[in-house]
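My plan is to go from the whole chain to single residues and to write down what I look up along the way.

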Amino acid sequence: MKTDVHHRRGVVLLLVLSTLTLFLIMGATLLVIATRARTASRSFLAAISQPDASPAIPRAALDEALLLLIRGSLDSTVMAKLTESLLGDMYATGNNTVPFRTETWDAFGISNGNTFLTEIADDGTVTRAAFQGGNGTVDVDNDGDSVNDGVWLSNLLPSITGSRGGALTFRVSYLVLDLDSRINVNTHGGGNAPAGPGSIDGSSIDDVFEGNRWTVMQQGGNATTSNRTTDLRQPPVLGQDIAGRGSSDPYTLRLDRQASRPATLTGAVAQNPFTLAELERVLRPFDRDWSSLPPRLAAILNNLDNTARRAVTTDSWDVAYTTGGAAATGANPVLKFDLNKAVAKDAFAKALFYFITGQANPDDGAQPIIPAAAAANAATAQWCANVAEFRDPISAASTVDIGGFTVTGVKPADLGGVGGAWPGGFESSGDLAGVPEGDSTAIADILNLTNPVPLVSLVTANPFILEAVHVPSRFTATTAVDATRVPGQINVNTCREDVWRAILGDPGATKPVSIMRSPWDIISTGAFTGPGFPSPDIRGLDRGIANRLTAATTVRSNVFAIWITLEVTDAAVTAGSPTCHRLFAIVDRSIPVTYAAGENKNARDIIRLKRFLN
């Protein structure tokens, strides 16, 4: 029997060829991957080595330029151009953790102000650039609005060697805007709140809050209707109850960053304040990443001519430490004296006396000492007793031994009704300008004269007293969380004319030209309305205006919006043209840090926001 056998010739050869082909494909694939990886590695190396192709080197330089502005430098040639830093202006001595300041006010200018501040007129023109002095002309546009606002500063940063072998040199320009000079959309209310930031009605600034935009900011909704709506812009509902929205008290708002925020607006007391990121969109409308920033605040403002960029903020803070003159040399931080502290009348009068005379209170050995704000004499003791009586006008007048002087306090009723009824307690430190010197006999004699001598308060001759005392902020952020920082006060030296009018609540008010160096200077500009103004006669004191001015204003600035432009030049023959890179930051120097000139320590803690723009 014959069997049919099929021989499968070439199968082994086919398997070998297939295997070789597979190896060839794998080798080609690995070669392509290796080639592409090499190309990517070379590109990355070139990117981090060439300043004109990568932000790596410029970012480090921009970061150092920001730190120079914040904490200064140990290089005298650098400080000859900068003249001062933010923390150097804030802290009197190095290695200090408390803002004791020898310079008690912040303002524009070279001799009487701060060289780091950019001064912009109400019409948007740049009056003085940051660090301008003798450093050059204003020929840098830091914020991209087509208006030059900065000068080039050379040799602030050391040169380094670039990837091409040439030296990389840097020029820096700063734009520093004071955010404490603006209407704060979180703290300023509707004009019906008690004295303080909540009494400032921003709706009077028509070119920013035209129509019902101010109401929308306070109560929620959108800018086309006065009713709160549920849309993409979650309404702010600043310190108000959603259901009834009957409260108009902005002081119920928690402004500290530790405060809980609702996921929705359905809670009993939902609070949703505007954030720095939302403010950033208002401040930077000319940058490519503008549309990626939170839109709520910018959408409500809808300010096409960008006036809001110069008038609005979400954060403004002052500190509640004593400042000024000799106080800056003190060894220990001293919180301002609480005029409404819970203590018995006699103990209060004694504590105030020892505090403002710079002495240790024998009833409290731990009482910190500040440099004397008033002389330790019978007149000062009498005035302190009077302050205690004005604080508590209902109970009987006390006779108390203060510093060896036996005095009986004068009550508001002893003034014979002059100045109106006094309800007791203090709304602000400005109330002290209404407390007279002298005992009841001296005051009665003065009032009985045909041509009476003006009644005077101790603060008229000792204005530093107003810097040493305060009424704690009504905002829960400073009473429950942080008693050393005060939100919402406006720097009267750097604010716009229309903001000054909003502070006073007077559409015809004119902002003083001279620099205001203390709360007394602020009060003297508008709180005295009687005959002989500006004579310090407390019978002409408008208590409402005095409290409004001292509780809602300050002469200092702590929160700044900063733009920095960096120009990088490569000296290598094959290098291209100089390149420019920018940084934007918001810093708050009311946040306590350990300051040492030229050293970082924890100086970065005051940086609230930082963006590398390009």
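The entries below record what I looked up, in the order in which I looked.

**Entry 1: ground rules.** I note that this is a predicted model, in which local features need pLDDT of at least 70 and side-chain atom pairs count only at pLDDT 80 or more, while totals for chains, interfaces and linings use all residues. Residues are numbered from 1 along each chain as its sequence is written, and side-chain values use heavy atoms, with hydrogens and water left out.

**Entry 2: the whole chain.** I looked up the secondary structure and found 16 helices and 18 strands in the protein chain, where helices (H or I, at least four residues) and strands (E, at least two) are DSSP runs numbered from the N terminus. Of the 614 residues, 50% count as buried; buried means under 20% relative accessible area, exposed over 50%, and partly exposed in between, with a 1.4 Å probe and protein chains only. I then turned to contacts (heavy atoms within 4.5 Å): of those in the protein chain with a separation of 6 or more, 64% are between residues 24 or more positions apart.

**Entry 3: the nonpolar cores.** Which residues touch the most other members of the largest nonpolar core? They are Phe209, Ile356, Trp383 and Leu432, in a core of 82 residues. A nonpolar core here is a set of buried Ala, Val, Leu, Ile, Met, Phe, Trp, Tyr and Cys residues joined through side-chain atoms within 4.5 Å. Helix α8 (residues 345-356) gives the most to this core, with eight residues. I also recorded a second, separate core of 44 residues, which includes Leu156, Leu168, Leu566 and Leu583. Going back to Trp383, I listed its contacts beyond four places in sequence, among them Leu352, Ile356, Leu432, Val435 and Ile465.

**Entry 4: α8 against α9.** Two packed helices are described by the angle between their axes and the distance between the axes. I found that α8 and helix α9 (residues 378-391) pack at an angle of about 135°, with their axes 9 Å apart; the axes are lines fitted to C-alpha atoms, for helices over the stretch in contact, and angles run from 0 to 180 degrees between N-to-C directions. That makes α8 oblique to α9, given that angles under 35 degrees count as roughly parallel, over 145 as roughly antiparallel, 65 to 115 as roughly perpendicular and the rest as oblique. On the α8 side the meeting residues include Phe348, Leu352 and Ile356, and on the α9 side they include Trp383, Cys384 and Val387. By class, this contact has 11 nonpolar, one polar and three charged residues, where Ala, Val, Leu, Ile, Met, Phe, Trp, Tyr, Cys and Pro count as nonpolar, Asp, Glu, Lys and Arg as charged, and the others, Gly among them, as polar.

Entry 5: Is α14 (residues 497-504) largely enclosed or open? Six of its eight residues are buried, so α14 is largely enclosed by the rest of the structure. The buried residues are Asp498, Val499, Trp500, Ala502, Ile503 and Leu504, and what covers them includes α15 (519-526) and α16 (543-552). After α14 comes Gly505, whose phi is positive, near 70°. I also looked at α15 and α16 together: they pack at an angle of about 140°, with their axes 9 Å apart. In that pair, Pro519, Ile522, Ile523 and Gly526 of α15 meet Ile545, Ala546, Leu549 and Thr550 of α16, which divide into six nonpolar, two polar and no charged residues.

**Entry 6: positive phi.** Most residues other than glycine have a negative phi. Thr83 has a positive phi, near 70°; Thr83 sits in the loop between α3 (76-82) and α4 (86-90) and is partly exposed, with a relative accessible area of 49%. Ser146 also has a positive phi near 70°, and this residue, in the loop between β2 (126-128) and β3 (153-154), is exposed at 68%.

**Entry 7: two buried residues.** Leu68 lies in helix α2 (residues 56-71) and is buried, with a relative accessible area of 4%. Asp431, in the loop between β11 (405-408) and α10 (440-448), counts as buried at 1% relative accessibility. The C-alpha atoms of Asp431 and Asn547 are separated by 6.4 Å, although the two residues are 116 residues apart along the chain.
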